[in-house]
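Look at the sequence and the model before reading on.

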Amino acid sequence: MLVRELKRGRSLLVRLDHGADLVNQISELAVDESIHTGAFSVLGALIQAEIAFYDQESHEYSALLVEENAELVSCTGNVSIREGKPFVHAHVVLADSDGKTTGGHLLHGKIFAAELHLIELLGEPMVREIDQTTGLYLWSG
Amino acid sequence: MLVRELKRGRSLLVRLDHGADLVNQISELAVDESIHTGAFSVLGALIQAEIAFYDQESHEYSALLVEENAELVSCTGNVSIREGKPFVHAHVVLADSDGKTTGGHLLHGKIFAAELHLIELLGEPMVREIDQTTGLYLWSG
Amino acid sequence: MLVRELKRGRSLLVRLDHGADLVNQISELAVDESIHTGAFSVLGALIQAEIAFYDQESHEYSALLVEENAELVSCTGNVSIREGKPFVHAHVVLADSDGKTTGGHLLHGKIFAAELHLIELLGEPMVREIDQTTGLYLWSG
């Protein structure tokens, strides 16, 4: 277990832009506001999305396009440093008009409307490095 | 992107009332405690619920009644000001006895048991106003 | 409604251990770090999991084994005191390779990779006691 204690930075509420990409918007926010480490949640609706499942044996992501409009019923994620830059990691659950849900690692999400709550965390930034066991960029210190 | 920096207010943990409505309970809490802006999550179980999907073309909500008892497996939301009063916006994912999930915008949820974590945010309150592009009451400043 | 105001303690980001149990890891963290009360979220992937649904009439949990590898698309929970010790309560939504989701009360989850954000809450700890109406250990003060 790698435990990092951080200090609370800013608390931000953000209305993200209609038509923009959810991952890009949070990345831009992190760059513009110099946020190196943080935790967030988002609720709203997406016009369409691309999510992914990570194959734990082949160590490859398979992508899934969600073409219908969807409620963004859950989105939790974090910001940390990967290759020297703020990197956004988010998982989502989407719901269609019948309430049917689809979930995964968020690759892209075209925003219809989105409300972000982000908690900035200050101190030594959390850094991602490739982990041989999982093939993922995990927090390494 | 509308970015609002707020100051951290109180951190509340709340056991909500068995048999009461989840949205009403959080609204009452916000009014009673004079919380104008905040972010929250809830876990628990609901006796039944009514959720909604927003049609991005017709700009109308369609409601879906979930009549069976359900685990409240995810509930994230926020409090902000709409028409001069604290307004609760929450999205949920519900699970039935087979683990099957249903999600949407929460209209009503009759509480079996519910545990709320709410972070109050102080400063200029976030205010909702009607947005012509989406037909929704979005954060306008 | 039982409303408890707590003071903000530490903010922790934690990379949990590959192959370990998600509930046990958070319990161990709480014990090791003397965290009596807190709120958390986790994202990552699980090798397998066991989740449960609480029958609101019989007051019994039925367990469901999720044997396939899964994205941990949502996990929210809290730490409070039950029978004198820190107790972890978490609900999850899991997604398979088709994005299909399954959710419930988390009993066990074998970690492939998991990133935890935990907010410690200080002050009089929140304590669980058996509640006759629901048959659950609920926050009693």
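Two residues are in contact if their C-beta atoms, placed from the backbone, lie within 7 Å. By this rule, 34 residues of chain C are in contact with 29 residues of chain B. On the side of chain C that touches chain B, there are 16 nonpolar, 15 polar and three charged residues. Here Ala, Val, Leu, Ile, Met, Phe, Trp, Tyr, Cys and Pro count as nonpolar, Asp, Glu, Lys and Arg as charged, and the others, Gly among them, as polar.

This is a predicted model: local features need pLDDT of at least 70, side-chain atom pairs count only at pLDDT 80 or more, and totals for chains, interfaces and linings use all residues. Residues are numbered from 1 along each chain as its sequence is written, and chains are lettered from A and ligands numbered from 1 in the order in which they are written.

Strands (E, at least two residues) are DSSP runs, numbered from the N terminus, and two of them pair if DSSP finds at least two bridges between them. Strand β1 (residues 2–15) of chain B pairs with β1(C) in the antiparallel sense, over five bridges. Val14(B) has Val3(C) as its bridge partner in β1(C).

Most residues other than glycine have a negative phi.

| Residue | Phi | Loop between |
|---|---|---|
| His59(A) | positive, about 60 degrees | β2 (38–55) and β3 (60–66) of chain A |
| His59(B) | positive, about 60 degrees | β2 (38–55) and β3 (60–66) of chain B |

His59(A) counts as exposed because it has 12 C-beta neighbours inside 10 Å; a residue is exposed if 12 or fewer other C-beta atoms, placed from the backbone, lie within 10 Å of its own, buried if 20 or more do, and partly exposed in between.

Methods
Helices (H or I, at least four residues) and strands (E, at least two) are DSSP runs, numbered from the N terminus.
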